[in-house]
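Hello,

I am handing over the structure below, and after it you will find some notes to read alongside.

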Amino acid sequence: MRKNSIKNTRINAEVQRELSSILRSEIKDPRIGTMTSVTGAQVAPDLKTCRVYISVLGDERVKEETIRGLKSAEGYIRRMLARNLNLRNTPELTFVLDQSIEYGVHMSKLIDEVVEKEKGGEDE
C-alpha cells in the first residue's frame, strides 16, 4: 500500500477525528490543557504506529505538561481508540507538539508590521 493512498488518507482522518473526541470527552487528566487540539494524525501504512500532532494554547510549561499527560495516558487512549475504530491493528501512538499555528500567527504579525511601515512611508 502506498503511503498516500486513499485508504490511508481516510484512516488518518478517522483516527484524528476519534482522538479529538477522546481528548475532549474521555481524558480527565489535569495536566492536559483545556485548549488542546489534534491537528493531524499520520498512521503508518502497516497500521503499527501513528504520529499524533497536538496543538496547545499556552506557555511552554503548559505545553510540556500536556505532552507529559498525554504520554502517561497513551495506553488508555489507545484502548479507547481500539474500542471505537475497527482496525486490523491499533497503532502505537506518539504525541508530537505541533507549533505550526503559532508560527503562522507570528508570521502574520510580522507581515502586518511591514504593511503598517509601508503605509507610514507612503503617507510622508
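Glu65 has a relative accessibility of 24%, so it counts as partly exposed (buried means under 20% relative accessible area, exposed over 50%, and partly exposed in between, with a 1.4 Å probe and protein chains only). This is a predicted model, in which local features need pLDDT of at least 70 and side-chain atom pairs count only at pLDDT 80 or more, while totals for chains, interfaces and linings use all residues. Residues are numbered from 1 along each chain as its sequence is written, and side-chain values use heavy atoms, with hydrogens and water left out.

The side chain of Glu65 meets that of Arg68 in a salt bridge of 2.5 Å, N to O (a side-chain nitrogen of Lys or Arg within 4 Å of a carboxyl oxygen of Asp or Glu). The two are separated by about one helical turn, because Glu65 and Arg68 are three residues apart in helix α2 (helices, H or I, of at least four residues, and strands, E, of at least two, are DSSP runs numbered from the N terminus). Arg68 is likewise partly exposed, at 43%.

Salt bridges that share partners also join Glu60, Lys63 and Glu102 into one network. Within it, Glu60 and Lys63 meet at 3.9 Å, N to O, and Lys63 pairs with Glu102, where the closest N and O atoms are 2.2 Å apart. Since Lys63 lies in helix α2 and Glu102 in helix α4 (residues 100-123), this pair ties together parts that are 39 residues apart in sequence. Lys63 counts as buried at 3%, whereas Glu102 is partly exposed at 37%.

Best wishes
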